[in-house]
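Hi everyone, thanks for coming.

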Amino acid sequence: MCGIVGYVGKRKAVPILIEGLKRLEYRGYDSAGIAVLDKEGLLLEKTAGKVAILENLLKNKNFESTTGIAHTRWATHGEPTDLNAHPHLDCKSKIAVIHNGIIENYRSLRELLLRKGHHFTSDTDTEVLAHLIEEYYKDDLTKAVRVALSQVEGTYGIAVVCSDHPDLIVAARHGSSLVVGRGDKENFVASDVSAILRHTNQVVYLEDKEVASVTSKKFCITTIDNVEVTPQIQEISWTLDQIEKGGFPHFMLKEIFEQSSTLQNAMRGRINQEEGTTRLNGLNLLYEELHHIDRVILTACGTSWHAAMIGEYLIEDLAQVPVEVEYASEFRYRSPIINDGTVVFAISQSGETADTLAAVRETKRKGATALGICNVVGSTIARETDGGVYIHAGPEIGVASTKAFTSQIAVLTLLAIFLARMRGMSVERGKEITSALKEIPSQVENILKKHSYIKEIASQYYKKNNFLYLGRGINFPAALEGALKLKEISYIHAEGYPAAEMKHGPIALIDENMPAVVIALKDNVYDKVLSNIEEIKARKAKVIAIATEGDTQIEDRVDQVFFIPKTLEQLTPLLSIIPLQLLAYHMAVLRGCDIDQPRNLAKSVTVE
Ligand code: G6P
């Protein structure tokens, strides 16, 4: 969602804040703003549109300030206009607030504050925070923030400055990530470490309902009830290179091309080839507890939910443990049956998705074990679960998730093998799967070498407005994910379907204007998928097939075919998704879309 960055130190704040905002822009990008503290008081600049527009506006201003806060927004309440952009000010323009999250009781707070004579200038929920803090402010900003937040329902990551305190930022969180970065005679706050990584890799993750009082020399953390907290400093291992584009035109393409190495990272040290099994030490479960698992629930959102669906096939097929896949947003609001042997895995790249986090909390409330499959180390889900597995994909910046998806599948495969070997699976079968898995990174590399062919295919199809994506078995979720990638970044309508279901509805849509992308691999349903292709062709639609290398039957039946290397059926989504990611990417480029910041989307959805 929104991005927050703050600086307090001896250097000029504006360039540091703008650079931080640019790194956070993937979180939200419909408006941006900055507030800095100067001898003259609070200086503010904000605008609808991207950070580049804000940067331009600031060019002639020459702000010398060494303390400031900045924000890039993903609108929840109020349109993305100049007025609704953050920061928001109190009546006297002394206090500035930036906010990520949603203040659920903002209407009643606003009415209360209006009655007390406050004037509002925006349609946002955030503005109530500025006025509420003003209401309680005498001379202690931190105290006023604490008291104000005790009246607030909802989620927030906030940073606040006040013109009476030119060397102070107050930050707080509840449900929206916030870190304090420790520098040398300077300190930072940010919604995400990538914003401040250039300056420091020493950070403290705030916990819910904690308030940090940050000056250039030190920071103190308390709870909102004013109980002192000892900060736990963590060292971030991500490098600056990892969060830059490295010569690629877009983060998404860079991340697609990283998949050979990110898959290796997901598997490194986790395969025990000799015994045909895997090691997942982070699960933190005893042998007996692992044996006791008789049901697995995989819960997630978006792309991670598609990875969960693939996980369902893998765990049921290999380990014969029943699996349910649940949208996290649904899980939290129904009464899922959780018994003694149920384990819930929350899958989340960011580890901050509000619905997935709520599902974790619901699981724990019901007394069950909640485990995480996350990318971002130290993220809220990673911290709140009882254990889990990091996917080690490195920072994913492109809003459309790519490398995190394949790494999630790799980890789910390791998990399936692990559970399977504790149950009925033989060493031989285990060895067969683990050695095929080890081949995957180089097979991905080979697919990526043929990426210009995908570009050529894209050039023939990018003007079409509707697509059907079909797959069967374990490649049905891959088809869903291929369709999602296309929707997200090219705004082309695309529907994913199990190939055989096509006859029950989607076939009505098929004509020469609706191409179909069909995953038609040499597996046990290959012949049936060929029949589906015939049905599509009979209705004059074009077909792009993803097929297995060495398949000689398919070429004559489809319009274009992209071959992927042969592997075990269980591992095919790790390969079939690569050309689909590239297809979406190239179509979106040809349509002139904003690849890394597609409209209306955000990388990390920290509101319900
Ligand atoms: C957003 C992103 C998606 C992502 C989903 C879940 O919708 O745009 O790319 O798949 O959130 O995110 P998570 O971080 O929990 O995997």
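Just after helix α3, G117 takes a positive phi of about 100 degrees. Before I go further, a word on what you're looking at: this is a predicted model, where local features need pLDDT of at least 70, side-chain atom pairs count only at pLDDT 80 or more, and totals for chains, interfaces and linings use all residues. Residues are numbered from 1 along each chain as its sequence is written, and side-chain values use heavy atoms, with hydrogens and water left out. When I say helix or strand, I mean DSSP runs numbered from the N terminus: H or I with at least four residues for helices, E with at least two for strands.

Back to α3, then, which covers residues 106–115. Which of its residues are buried? They are Y106, L109 and L113, where buried means under 20% relative accessible area, exposed over 50%, and partly exposed in between, using a 1.4 Å probe and protein chains only. Looking down the axis of α3, these buried residues fall within an arc of 65 degrees, so they line one face of the helix; the arc is taken from the directions from the helix axis to the C-beta atoms. R107 and R115, on the other side of α3, are exposed. The buried residues pack against α4, residues 127–136, with contact meaning heavy atoms within 4.5 Å.

Now the sheet. It is open, has eight strands and pairs antiparallel, in the order β3-β2-β4-β1-β10-β9-β11-β15; two strands pair if DSSP finds at least two bridges between them. At the edges stand β3 (41–48) and β15 (234–235), each with a single partner strand, so one side of each is left without a neighbour in the sheet. Further in, β2 (residues 31–38) and β4 (residues 67–73) run antiparallel and are joined by six bridges, and A32 stands opposite T72 in β4.

Two helices meet these strands. Helix α1 (residues 13–24) packs on the sheet and touches β1 (3–8), β2, β4 and β10 (187–190), with its direction at about 160 degrees to that of β1. Helix α2 (residues 51–59) lies across β2, β3 and β4 and runs at about 135 degrees to β3. For those angles, axes are lines fitted to C-alpha atoms, for helices over the stretch in contact, and the angles run from 0 to 180 degrees between N-to-C directions.

On to the cores. A nonpolar core here is a set of buried Ala, Val, Leu, Ile, Met, Phe, Trp, Tyr and Cys residues joined through side-chain atoms within 4.5 Å. The largest has 95 residues, and I315 and Y469 touch the most other members. Helix α13 (residues 403–421) gives the largest share of this core, 13 residues. A second, separate core of 36 residues includes V5, L17, L197 and Y205.

How many disulfides are there? With a disulfide being a pair of cysteine sulfur atoms within 2.5 Å, the count comes to zero. For C162, the nearest cysteine sulfur, that of C91, is 13 Å away. C162 has 0% relative accessibility, so it counts as buried. C374 has its closest cysteine sulfur in C301 at 12 Å, too far for a bond.

Last stop, E326, which is found in strand β19 (residues 323–327). E326 counts as buried because its relative accessibility is 9%. Its C-alpha is separated by 4.8 Å from that of T299, 27 residues apart along the chain.
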